[in-house]
Amino acid sequence: MQSTQPKIENFFELHFVVVLFGFTAILGKLITLSALELVFYRTLLASLGLFGLIYVLKKSVLINKKDIIKLFGIGIIVSLHWFLFFYSARVSNVSVSLVGLATSTLWIALLQPFFSKSAIRISEICLGVTMILGLYLIFNSDLNNWLGLLLSIGSGLMQAVFSLFNSKFTQKYHSFIITFYEMAGAFLTTGLFLFFSNQTSIFTGSYPNLQNLLWLLILAFLCSVYAYSAVVRLLKNISAFSVNLAINLEPVYGIILAYFIFGEAEKMTIGFYFGTFIICLAVFGYQIFGMKK
């Protein structure tokens with residue numbers, strides 16, 4: 001519920017946060033660690049940052065033990081979501097990873113009836129058909145990026161799944177508490193994978209170089225802890241609908257930033273951009289229709 005009327009600076013900050021969300025994929029490309037190591041360090045630093053934020057806000061991290069286990073389980077899904085997202089950017093490019101991630105709205109629409117035991121609505125079927133059309137145009141325009149797009153679509157599915165599970169906890173605990181335990185669960189999950197794999201140097205005393213460490217700090221504290229806490233704070237002044245609508249601009253901002261940073265490596269076909277436009281239009285249309293309903 002909004003406590004005060006939104007100010008223009010609130011909207012500027014909101015869109016700055018969305019730019020940071022879009023910048024996440026770019027950082028994933030700039031960091032030269034493996035996708036799994038990247039998730040490991042991001043979740044480690046984000047957990048520490050959130051714990052510090054919770055301490056400053058004087059909130060307790062002590063919650064029901066069964067809920068801790070459930071949140072750790074959701075953290076496993078979060079780690080898979082980020083791994084697929086960053087790996088997608090590695091095997092294709094930032095633009096492809098962001099477009100596939102945008103399908104999370106479609107997955108939520110399709111999965112929501114199973115979580116709430118309700119019927120699928122006509123608007124959700126229309127959303128699915130429209131987004132499939134957009135994805136078909138993207139696939140058909142450049143077959144070289146099919147693996148990256150499939151990975152990012154999988155990342156969007158994982159995002160939808162943990163978002164729906166989170167909805168069961170948002171009325172029970174503060175969002176920072178929820179995210180802290182999920183980040184901790186994701187950190188432990190990736191840590192175990194790294195420990196039993198041969199692709200990492202973390203456990204042999206070799207750590208990220210200075211440049212990678214700088215990008216990781218920006219990723220964890222600016223794009224994760226600050227961005228997430230800012231969204232929660234802005235919800236006091238801006239409606240949830242307006243916030244979610246702005247967040248849907250993440251792929252747009254991210255693709256524009258990626259083009260200016262990576263240049264020709266991010267240049268895609270006309271079919272790709274037309275398919276992306278259809279996907280974004282479907283997401284906005286679905287939310288606006290839902291608001292009217």
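1. How many positive and how many negative side chains does the protein chain have, and how far apart do the centres of the two sets lie? The protein chain carries 18 positive and 10 negative side chains.

2. The mean pLDDT of the protein chain is 83, and 92% of the residues score at least 70. Among the elements, helix H3 (residues 65-91) has the highest mean pLDDT, at 92, whereas helix H10 (residues 240-247) has the lowest, at 73. Where pLDDT is low, the predicted coordinates should not be read in detail.

3. The secondary structure consists of 12 helices and 0 strands. Read from the N terminus, the order of elements is α-α-α-α-α-α-α-α-α-α-α-α. The radius of gyration is 19 Å, close to the 19 Å that the globule rule gives for 293 residues, so the protein chain is as compact as a globular protein of that length. A box of roughly 45 × 45 × 40 Å, taken along the principal axes, is filled by the C-alpha atoms.

4. Of the contacts with a separation of 6 or more, 88% are accounted for by residues 24 or more positions apart.

5. Val99 has its place in helix H4. Is this residue buried or exposed? Val99 counts as buried because its relative accessibility is 1%, and buried means under 20%. Leaving aside neighbours within four places in sequence, Val99 is in contact with Ile138, Ile255, Phe272, Thr276 and Ile279. Val99 and Ser152 are 53 residues apart in sequence, yet their C-alpha atoms are 7.6 Å apart in space.

6. Thr103 is found in the loop between helix H4 (94-101) and helix H5 (104-116). Thr103 is buried, with a relative accessible area of 1%. Which residues does Thr103 touch, not counting residues up to four places away in sequence? They are Met131, Leu135, Ile153 and Gly156.

7. Lys58 lies in the loop between helix H2 (35-56) and H3. Its relative accessibility is 76%, so Lys58 counts as exposed, the cut-off being over 50%.

8. Ile8 lies in helix H1 (residues 8-30) and is exposed, with a relative accessible area of 57%. Glu264 is found in the loop between helix H11 (250-262) and helix H12 (270-292), and at 57% relative accessibility Glu264 counts as exposed.

9. Ile8 and Ala119 are 111 residues apart along the chain, and their C-alpha atoms are separated by 39 Å. For Glu264 and Ser123, 141 residues apart along the chain, the separation between C-alpha atoms is 38 Å.

Methods. Residues are numbered from 1 along each chain as its sequence is written. This is a predicted model: local features need pLDDT of at least 70, side-chain atom pairs count only at pLDDT 80 or more; totals for chains, interfaces and linings use all residues. Side-chain values use heavy atoms; hydrogens and water are left out. Helices (H or I, at least four residues) and strands (E, at least two) are DSSP runs, numbered from the N terminus. The radius of gyration is taken over C-alpha atoms; the globule rule is 2.2 Å times the number of residues to the power 0.38. Contact means heavy atoms within 4.5 Å. Lys and Arg count as positive and Asp and Glu as negative; His and the chain ends are not counted. The place of a charge is taken as NZ of Lys, CZ of Arg, CG of Asp or CD of Glu. Buried means under 20% relative accessible area, exposed over 50%, partly exposed in between (1.4 Å probe, protein chains only). pLDDT is the predictor's confidence in each residue, from 0 to 100.
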